[in-house]
Amino acid sequence: MKKVVNLKQLSKEKLIELYIKKCEEYDALEAKFYQEQKEKNEALKELEKFKEKDALNRQRLFGVKSEKSSVLNKNTFNEAEENKNNNKKENQKKNHGKKKGSKNFDIDFLEKNFTKTEYVEPAEIEELKKNPNIIELSSDVSYKVTRIPAKFEITKIICKKYFDKIEKRFYQGIKENDPYPHSICTPELATDIMINKFMYGLPYYRQSEVVINDGLYISRQDMCNYQIRTTDILKPFYDFLREKLLQTQSKVICADETTLRVLKTEKLVSYMRVYISTFYDHPIYIYEYCQTREKERVSKFLQDYRGYLLTDGYVGYKNHENVINAYCWAHARRKFADIEKSLSEEQLKVSKASEIRISIDKLFDLEKEFKENKYGPKKIKEERNNKEYINVLNNVFDKIENCNPKEGTALFRATEYVLGRKDGFKTFLENGYIDLSNNISERAIKPFVIARKNFLFSNTENGAESSAIFFSILQTARANNLNPQKYITFLIKKLCSDKGRENFEELLPRKYNENSN
């Protein structure tokens, strides 16, 4: 126990001496503290360097090399984007108390640059002209903007109004079948904006900057709203295309998926799945946003389908009612080809993976001959089941079954991939409509992967679903060799008319003639 010093009993000299001593002890402790702090800071810097190096190594080893960016730019959302109800409330708050027609876009610009004027009279105009008690009132004026490459075409909409002094009744012209009421948007403008994003990879915030440079203000949020409204219009036709796909004449559907980040969801990674008709059907591409990769979503999509499903070996595509699995031989081949890439020239000479890959290539060579000879599905089925073809196929399985790889090796995993799905890899023998590979699905998912590099992720599930609807119509139009700008504009206009809503069959790509619409 330390002895307590009574400072009152100490002389002045002793007090000074004690003070100096304590100051020296304090300085020593402070110096020690700063030294330890410096050492700890150096250690933390080394730890941060180690973490950074480790993260880079993990990315090189395990990260996706070409389809995913680690940069999350808040300006590059897949912007369809906020919940529609939330958007509506926000817009109501934003516009509350504002003068009608005084939205953010520049009225002066529209007034100076409109090239057409459209007068909309009341339906009773002929009767009104005969009535001497009718007086014309000031008209409601609005604008419609049509996007034409390199310029805007602005239509001035004047809705005429009249008042019957005796009957005390107003009459006003109303523009019918307007897909975007109370907005400057038109089908042409909305289609152009969305094609720029999903086909040409130009996010909405960049497009907003482009139109501002042209003198017209359309915000990113306005463009998001145009997309939501457009896909709401297209949704019934999207559902109709899905039904047509499930009723495909060939009874074969191809499928694949890719990842998609959706910020406002519990899942770290979501998925965009695509279902496609075969080469022998009229092309239909249906993209579907899925919160998970689990098989329940596949079962729900295919619940009314009876036929074959051509995919890779992912377990989520297996065991669906009334669906027969057929597996892609290109995926199987790729697993053995990847092993070859890691081998030296000497190792390749005795490589079992190389032997198996070569034997699979013989199957593809035979399939190439069928296409060059323009064989139909019936003839292809006959050729696949002849002795020569069956011997080539059996040779592939024999080499895989007899290679005896070491457990845990890449070759072991490749052989297990095929042997564990042997029946599915033979399914293509049953139906000439089934292709040997699922490359059609991989090519269909690739445009979305490329577009995703620009918008990176979706903000909400509503935005992801909206993107799936538009991408389905866009890619279906392109697969049918149509001009997507003209076809989608045509669809929007028709779907907003009573006639278009009554007969979706007449709106299918194969029945569309751009010269007559």
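Here are a few notes on salt bridges and one surface patch in this predicted model.

1. Some ground rules. Residues are numbered from 1 along each chain as its sequence is written. As the model is predicted, local features need pLDDT of at least 70 and side-chain atom pairs count only at pLDDT 80 or more, while totals for chains, interfaces and linings use all residues, and side-chain values use heavy atoms, with hydrogens and water left out.

2. Salt bridges overall. Side chains of opposite charge can pair when their charged atoms come close. The cut-off: a side-chain nitrogen of Lys or Arg within 4 Å of a carboxyl oxygen of Asp or Glu. The whole structure has 26 of them.

3. R357 and D361. Their salt bridge spans 2.7 Å, N to O. Both sit in helix α11 (residues 352-372); being four residues apart, they are separated by about one helical turn. (A helix is a DSSP run of H or I, at least four residues; a strand is a run of E, at least two; both are numbered from the N terminus.) R357 is buried at 18% relative accessibility, and D361 is buried at 17%. Buried means under 20% relative accessible area, exposed over 50%, partly exposed in between (1.4 Å probe, protein chains only). The pair also belongs to a salt-bridge network with R333 and E340.

4. R297 and E288. This salt bridge is 3.3 Å, N to O. R297 is partly exposed at 27%, whereas E288 is buried at 13%.

5. K161 and D140. Their closest N and O atoms are 3.4 Å apart. This one links distant parts of the chain: K161 is in strand β6 (residues 161-164) and D140 in strand β4 (residues 140-148), 21 residues apart.
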